[in-house]
Amino acid sequence: MWVVWLDRWQFGITTVYHFLFVPLTIGLAFLISIMETLYVVKNDGMYRRMAQFWGKLFLINFAIGVVTGIMQEFQFGMNWSNYSRFVGDVFGAPLAIESLAAFFLESVFIGTWFFGWDKLPKKLHVFSIWMVAVGVSLSAFWILTANAFMQEPVGYVMAGGRAQMSSFGALITNPQIRVEFPHVWLGAVATGSFFVTGVSAYYLLRRREVKLFAQSFRIAVYAGLISSVLVAVVGHAQGQLLVRTQPMKMAASEALWHTSPYHAPWSLVAWIDTAHHTNPIDIEIPYALSILSYNHTYGSVPGIDELQAHYVQQYGPGNYIPSIWVTFWTFRLMVFAGSLMILLALYGAFRGLRDDEWLVKRSTYLRWMPWAIALPFIANTTGWLMTEIGRQPWAVNGLMKTSDGISPTVGAPLVWMSIIGFGVVYLAFAVVDVYLFVKFIRLGPDSEFGPDEMDAKTSVSSI
């Protein structure tokens, strides 16, 4: 069990680290596409400078995200050989398409976009950045198709102790992927939006490039508001799917030890006693869990103890209860961060967008926004932890336990060595990433364009 614990930590570290870069890449690609489209439609050089500035930060993030993704695949092959053999026939097609089509698409068009300024017609150039946005989104879709199978296996048959794909159509129309992909994609757009608003607020507080960054702020805050609200809507649908397909994860995220009454209350916060399967302190909102689960004020939700007894009968002796503390609190942290994002974006969208001068005078609000960059990262990370830890002890829900998926010949010393190795490399990446971000953010947009485009540097004093 010690080796399983180490393998799980390594998987968690590498995946969380990689997932810091992916949503920002997807979100920035989408926002830069909008900015360059405005440049083509309005023929306004300010939007060109805007797209180029955010494009530099996008390229830094994309490069480090690719490298961390490769390292994640390496740890899969090293530590999870039994798991890889078990799902290899199912995962082969979506992961191959991701590598050969989606990643190829985004890589080719990133090069076209980066080197194509002043060499390609405007419409062809803006088409290339939209293809980048499509490519990174498709990459996420195919990766999540594999993950959705782990949450809700479909389109497979068991043969020789392994899962083999029986229906590719069923795999890509998995009910899990229908809610998981839009939830993750919208979260990525929110991540990119809050990054842009936070960095724009930094410039507005210093009254540098006011016109350009006020407009960047407007574009991003609208995108952030729409995406944050839709994330919550899709997340609600995802929660209702959990009740049907992964009731133990749902019960764990609510610390619901026993099946709820017909009108189920929702625990806002609780002190959880895992030894005695009780919650000595529990602040509840009446009817809310029934509404969250069924869109009605009625409807009971299965409890942990009843589900554990059911799984023992179905799968045999064992502990089928995930970490209640982690699942319960990561879910609430995700909801809390998401709620703050909606409120901040709502305030910015309806109060701070009247004109540039009004916007820069809201210094208190602007000082919050650089810190708010962390909110979507907190929501993404806690949401992922809740999703993956809440599925335990299963690697593939109902089919394969995590403890059965590890590499039998890789012992604890080797796993420790790789954890330390990954940690050193990731620390180096973090230093390089922060250094490059800070450097290019301080430098600001290029000033190499014509005088007619320099009006974007108008200070607030001359507005």
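Colleague: Which way do strand 3 and strand 4 pair, and over how many bridges?

Modeller: In this predicted model, strand 3 (residues 266–273) and strand 4 (residues 278–285) run antiparallel to each other, with 6 bridges between them. W266 sits opposite I285 of strand 4.

Colleague: And what lies between strand 3 and strand 4?

Modeller: The two strands make a hairpin, with 4 residues between them.

Colleague: What does the side chain of S267 make a polar contact with?

Modeller: The side chain of D282 is the partner, at 2.8 Å. Setting aside neighbours within four places in sequence, S267 also touches E254, I283, E284, F328 and R332, along with D282 itself.

Colleague: Okay, what about H263? Where is that one?

Modeller: H263 is in the loop between helix 8 (247–253) and strand 3. Its relative accessibility is 38%, which is why it is called partly exposed.

Colleague: Which residues is H263 in contact with?

Modeller: Apart from neighbours within four places in sequence, H263 meets Y287, S290, T297 and Y298. With T297 there is a polar contact: the side chain of H263 comes to 2.9 Å from the backbone oxygen of T297.

Colleague: How far apart are H263 and H296 in space?

Modeller: They are 9.0 Å apart from C-alpha to C-alpha, with a sequence separation of 33 residues.

Colleague: Switching to aromatics. How many aromatic pairs are there?

Modeller: The count is 36 aromatic pairs. One of them joins W271 and W325 in an edge-to-face arrangement, with 5.1 Å between centres and 80° between the planes. That pair links distant parts of the chain, as W271 is in strand 3 and W325 is in helix 11, 54 residues apart.

Colleague: Tell me about helix 11 itself. What span should its 28 residues have?

Modeller: At 1.5 Å a residue, helix 11 (residues 324–351) should span 40 Å, and its end C-alpha atoms are 40 Å apart, so the two agree. At the start of helix 11, S323 places a side-chain oxygen within 3.4 Å of the backbone nitrogen of V326.

Colleague: Now helix 2. How far apart are its end C-alpha atoms?

Modeller: They are 51 Å apart, which agrees with the 51 Å that its 35 residues (45–79) should span at 1.5 Å a residue. The N-terminal end of helix 2 is capped by D44, whose side-chain oxygen lies 2.9 Å from the backbone nitrogen of M46.

Colleague: How many residues of helix 2 are buried?

Modeller: 25 of its 35 residues are buried, so helix 2 is mostly covered.

Colleague: Next, the core. How many residues are in the largest nonpolar core?

Modeller: That core has 93 residues, and those with the most contacts inside it are W54, F58, F195, L204 and F217. Helix 7 (residues 210–245) gives the most to it, with 12 residues.

Colleague: What does W54 touch?

Modeller: Not counting residues up to four places away in sequence, W54 touches I32, M35, F195, V196, V199, S200, F213 and S216. W54 is also part of an aromatic cluster with F53, F195, Y202, Y203, F213 and F437.

Colleague: And what's in the second core?

Modeller: The second core is separate and has 18 residues, including W80, M150, L171 and W384.

Colleague: Two spots left on my list. Which residues is S128 in contact with?

Modeller: Beyond neighbours within four places in sequence, S128 contacts F109, T112 and W113. S128 is in helix 4 (residues 122–151), and it counts as buried because its relative accessibility is 1%.

Colleague: Last one: where is A96 found?

Modeller: A96 is in helix 3 (residues 81–115). Its relative accessible area is 33%, so A96 is partly exposed. Between the C-alpha atoms of A96 and A188 there are 23 Å, and these residues are 92 apart along the chain.

Methods: Residues numbered from 1 in each chain as written. Predicted model: local features only at pLDDT ≥ 70, side-chain atom pairs only at ≥ 80, totals over all residues. Heavy atoms only, no water. Core = buried A, V, L, I, M, F, W, Y, C linked by side-chain atoms within 4.5 Å. Buried < 20%, exposed > 50% of the residue type's maximum accessible area, 1.4 Å probe, protein only. Contact = heavy atoms within 4.5 Å. Expected span 1.5 Å × (residues − 1). Polar contact = N/O pair within 3.5 Å; in protein donor to acceptor, adjacent residues only side chain to side chain. Pairing = 2+ DSSP bridges. Phe/Tyr/Trp six-rings, centres within 6.5 Å; stacked < 30°, edge-to-face > 60°.
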